[in-house]
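This briefing covers a model with its sequence, shown below.

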Amino acid sequence: MAATIKDIAAMLKAETLVDHNIDREVGCVIASDLVSDMLVCCDAGAFLITGLANIQVVRAAEMIDLIGVVFVRNKEPATEVIEYAEEMELPLLSTDYTMYEACGLVYDIGLRPGDFSTRED
Amino acid sequence: MNEYFWKKDGIEVEDDGSNGTAAKGLSVEKRVKGGDFTGAGAAASKIKQLLKKLPISPQTVRRVAIASYEAEINVVAHADGGNIIAFVSPDNVKVVIADEGPGIPDIEQAMVPGYSTASEEVREMGFGAGLGLPNIKNNVDVLKITSEEGKGTTVIFYIFFNAGP
């Protein structure tokens, strides 16, 4: 059975900051603190684990069609970040776990990485 | 003047240099402010919103959005400011990003993944990994860059609706 964002929130004992679309199924997961890295992911519909909590994370999410984001180590995004995510209907979570722990726990419920292979010339 | 030109195999494009090909309602024009990391991405967002309303595949819309966003971030990170214009034609979208920045002395080097001249501030925002221009190339069908040191850089790309992944 595929996991939903709600399942990830439960697994990571996460606080839900934006609760739109949290019943959506997660196709794959990426983890990075670099927006430049996120933008190379080939899969639409990926879920992001990150320690970066600025407005550009939500912008990047919009561009690459992410379906949700969790901030690790209880990072608190600014109000404007939450407001923009509300507008985009992008679910945002915040967890106490570290990046490494969060990745391990999410891998454990069967979720696999997004595709980062670059397009052939 | 430094120039770079690349196109995907099998793509034919004639760029007459004019930008007036889009029908009414099928273009987006936006000013980008240098150093404004809060507003950065607003132009790419506007382009994506326009394309989403048209009968274009989500994968193609995503490629245009990523390439436009990377180019917009470059303006914010390196230039005093610039303009982004997107034109939708029946079979392609053309995006022109012209900035008033320091220019790129060696474009071939800037195309190498990992090469970056970004400041610490830019890196703190999650950018400056040296993947911007290579990732633009990865998502487009035609890429043209012209740059003059001390004056600025113009990036032009095309994405065709029936080509690419």
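Which residues have the most contacts inside the largest nonpolar core? In this predicted model, they are A:Val70 and B:Phe157, and the core has 89 residues.

- Leaving aside residues up to four places away in sequence, B:Phe157 touches B:Ala67, B:Val95, B:Ile136, B:Val140, B:Val142 and B:Leu143.
- In soluble globular proteins, nonpolar side chains tend to be buried together.

**Chain B**
- Five helices and six strands make up the secondary structure of chain B.
- Read from the N terminus, the order of elements in chain B is β-β-α-α-β-β-α-α-α-β-β.
- Chain B is as compact as a globular protein of its length, because its radius of gyration of 15 Å is close to the 15 Å that the globule rule gives for 165 residues.
- The C-alpha trace of chain B spans about 40 × 30 × 30 Å along its principal axes.
- Of the 165 residues in chain B, 44% are buried.
- Among contacts in chain B between residues at least 6 apart in sequence, 65% join residues at least 24 apart.

**Contact between chains A and B**
- Chain A gives 19 residues to the contact and chain B gives 22 residues.
- On the side of chain A that touches chain B, the elements giving two or more residues are helix H2 (35–38) and helix H3 (55–64) of chain A.
- H3(A) provides the largest share of that side, six residues.
- By class, the side of chain A that touches chain B holds nine nonpolar, four polar and six charged residues.

Technical notes
Residues are numbered from 1 along each chain as its sequence is written. Chains are lettered from A and ligands numbered from 1 in the order in which they are written. This is a predicted model: local features need pLDDT of at least 70, side-chain atom pairs count only at pLDDT 80 or more; totals for chains, interfaces and linings use all residues. Two residues are in contact if their C-beta atoms, placed from the backbone, lie within 7 Å. Helices (H or I, at least four residues) and strands (E, at least two) are DSSP runs, numbered from the N terminus. Ala, Val, Leu, Ile, Met, Phe, Trp, Tyr, Cys and Pro count as nonpolar, Asp, Glu, Lys and Arg as charged, and the others, Gly among them, as polar. A nonpolar core is a set of buried Ala, Val, Leu, Ile, Met, Phe, Trp, Tyr and Cys residues joined through C-beta atoms within 7 Å. A residue is buried if 20 or more other C-beta atoms lie within 10 Å of its own, exposed if 12 or fewer, and partly exposed in between; C-beta atoms are placed from the backbone. The radius of gyration is taken over C-alpha atoms; the globule rule is 2.2 Å times the number of residues to the power 0.38.
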